Structure formats: C-alpha cells, structure tokens
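Q: I have a chain on the screen and would like to learn how to read it feature by feature. Where do we begin?

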Amino acid sequence: MWYPTVRRTLVCLSRLYRCVDRPVFQNLSQEALTYCIQSVSAAANLIQQRKTNLDGELFEIKHLLILREQIAPFRVDFIVKKTSLDFSKMKTAAYGLIQKRGQLFAFGSNNALLEFLLEGTPQVKEQLLDSRKDVDRQLKSVCEIFIRDATHLLVGNVLTFVDSMTQALANQPAETKHPEMAPPHVGQIVQEAQKNIKLKLSGLQRAMQLYLANKDTEFILFRPIRNNIIGAFVKLEQFLSTIGKFSKEDLAIAACPSADQISVLLSASVLAEGGSGTNVSAPSRKSTSSSVENEKIQEEMLKTSPEKTETELQ
C-alpha cells in the first residue's frame, strides 16, 4: 500500500547503505529523499484534484511518516554541504556600470569598470541540506494544513461569522444594526455547525483510519482538530457576550453550546460509529505501534535479494 516512489526510494537506500562509503551514501540519500518528497507532494496534489483536499493531505501525511520512520535506523547524518554562486549583486553592478558609461576609463575610485569588478563579483555561498529535517518540516506543514481544513469543514461557518462580524463592527458606529447579528440568525449558524459535526465527523474519521491505519497517530492528529472545534464555539460565545452585547435572552435564543456540550457532542459522534472511530479521549495502547511494524519492514528490506530489488526499481 506504499506509494511506488516511497517504496523504491527506501529499497534503494537500504541496499546502498551497506555497499558504499558513508559520504557517498549521504549525498545519494539526500538527493533521493528530496526527489521522493517532491514526488509524494505532486501525487497528493493529483489526489486533491480528483477527490478532496483532505484525501490528498492524509495521503501525504501517511507517506511522510513512513519516510521519517524508515530512515531513522540509518546511522548516518542526512546532511550535505552544497556550494553555489550568488550572482544577485552582479545585476545591480551592471546597472550602475551602464549609468556611469562616461567614467569607464576614469582614474582612481571613480572608475566605473573597476567599481563593477569589485561590486559585481559573484559570492560563494555554502548551504547545509538536511533531508531528515526536510521530511519533518514538510510533515509539520501538511499536518497544519490538514488540521486547518478539517476544522473549517466542521465549523468553518462559525469562524467565518465571528471574523467577518468582528471586522464589520469595528469599522462602524456602535449603534449600527446588522441583520446578521439577530439572535435567530446566529442560532441557525450554530445549528448548521452542529449538524456538520454530526454528519461530516464520521467521514473524516473513516478517512483518517483508511490512510493512517494507526489509532495513536489518529489520536495525535485529531486532538488539535477537536480543540479547534471547541475553541470556535468558545470564541463565538465570547464574541456574542462582549462585542455583540447579547443579553441572556438573546444568548438563549442563539443557543450557543458550551465547551462541555461540544465535547459531549464530539464523543457522541464517535460512539455513533459503533466504537470503531477515532478515539477522542485517549490513544489505544493495545494496538501494535507503527514504528515497530516499520522496523520489521526495514529489516526485511535489508534482507531483500539483489534480484528482487532490481526488479522493483525497474
């Protein structure tokens, strides 16, 4: 179930690890992992076009986790020093040379040609490339995007309402009335958000189970989504009480749930799936850890025969 680019990259690295010198392996692994990350990201974009953004993001998260765990056993630094020339100053110097064409053969410090040679010389730059950190950086970025998109899928209307009305009320006099601030209208927004949670949370859970297939990982990724959902309703309640100046009667009509009520709603939505959904309270410790499974797979890779590896790479 691994994406072919990821599988072939790891098989190739596992074969090269014991066959070449460490500096050679570090250079090859850095380049291979860089292109592998790009390939996974391109595949995730294709999935987003054909399915949903969440599907593409979960696909990328899954394979970046595989890469991170599979390169951990290699006892080398995935760091390569890259040397390059910086020509950024040459453009400015050339422009100055054109402006001072009359001073090309001047004497002393006013010589435009000499100034061009001194200021336009390319600079040598050294950059350390760390493939292991690149994987972590890309994984963190995709997880943040997934958490944001999942939050907006469930309570996006609440967050949009609070942000838009906060901006509208800040730019207008206090006595200005907005139809959107009517308690019945706010109540409709709250009901729609609760309906989204009941209907769409189960689909989100199934997608996480399909791609991640590990309850501990699902819990870690779902926890900030859960906190964001609760925080959205807390933010709405604070907005209505402070900026919106809602009375107790208005708050009762709007029926904005408390943090405890949303927590119960999230738990009930999980239980409605028959207990097979993502655990929102605590991760399961009885399930086999994905890191242990991946270490076994890594051992099998190291034992792969050259004939099989060559066939897979082809």
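A: Begin with the surface. The accessible surface of this chain comes to about 18,800 Å², and carbon and sulfur atoms hold 54% of that area. Keep in mind that the model is predicted.

Q: What share of the residues counts as buried?
A: Of the 314 residues in the chain, 39% count as buried.

Q: Which elements make up the chain, and in what order do they run?
A: There are twelve helices and two strands. Read from the N terminus, the order is α-α-α-β-α-α-β-α-α-α-α-α-α-α.

Q: What should I know about confidence before I look at details?
A: Among the elements, helix α3 (residues 53–71) has the highest mean, 95, and helix α12 (residues 306–313) has the lowest, 35. Over residues 280–314 the pLDDT is below 50. That stretch still has 47 contacts in the model beyond near neighbours in sequence.

Q: Is M208 buried or exposed, and which residues is it in contact with?
A: M208 sits in helix α7 (residues 183–212). Its relative accessible area is 0%, so M208 counts as buried. Apart from neighbours within four places in sequence, M208 is in contact with L58, F146, A213, E218, L221 and F222. For a sense of distance, M208 and F219 are eleven residues apart in sequence, and their C-alpha atoms are 9.7 Å apart in space.

Q: What do I look at in a pair of aromatic rings?
A: Two values describe such a pair: the distance of the centres and the angle of the planes. The count here is five aromatic pairs. One of them is F25 with F74, where the centres are 5.6 Å apart and the planes are at 50°, so the pair is tilted. F25 is in helix α2 (residues 22–50) and F74 in the loop between α3 and β1 (79–86), so the pair ties together parts 49 residues apart in sequence. Both F25 and F74 are buried.

Q: What kind of pair do F161 and F239 form?
A: Their ring centres lie 6.2 Å apart and their planes are at 90°, so this pair is edge-to-face. F161 belongs to helix α6 (residues 131–170) and F239 to helix α8 (residues 215–242), so parts 78 residues apart in sequence are tied together by the pair. F161 and F239 are both buried.

Q: Which residues do ring pairs link into a cluster?
A: Y17, F25 and F74 are linked into a cluster by ring pairs.

Q: Which residue does D149 pair with?
A: D149 forms a salt bridge with R148, with the closest N and O atoms 3.3 Å apart. The relative accessible area of D149 is 19%, so D149 counts as buried, the cut-off being under 20%. R148, at 47%, is partly exposed.

Q: Which parts of the chain does the pair of D163 and K235 link?
A: D163 is in helix α6 and K235 in helix α8, 72 residues apart, and the pair links these distant parts of the chain. The closest N and O atoms of D163 and K235 are 3.2 Å apart. D163 is partly exposed at 42%, and K235 is partly exposed at 35%.

Technical notes:
Residues are numbered from 1 along each chain as its sequence is written. This is a predicted model: local features need pLDDT of at least 70, side-chain atom pairs count only at pLDDT 80 or more; totals for chains, interfaces and linings use all residues. Side-chain values use heavy atoms; hydrogens and water are left out. pLDDT is the predictor's confidence in each residue, from 0 to 100. Helices (H or I, at least four residues) and strands (E, at least two) are DSSP runs, numbered from the N terminus. Contact means heavy atoms within 4.5 Å. Buried means under 20% relative accessible area, exposed over 50%, partly exposed in between (1.4 Å probe, protein chains only). Rings of Phe, Tyr and Trp (its six-membered ring) pair if their centres lie within 6.5 Å; planes under 30 degrees apart count as stacked, over 60 as edge-to-face and the rest as tilted. Accessible areas come from the Shrake-Rupley method with a 1.4 Å probe; for residues, only the protein chains shown count as cover. A salt bridge is a side-chain nitrogen of Lys or Arg within 4 Å of a carboxyl oxygen of Asp or Glu.
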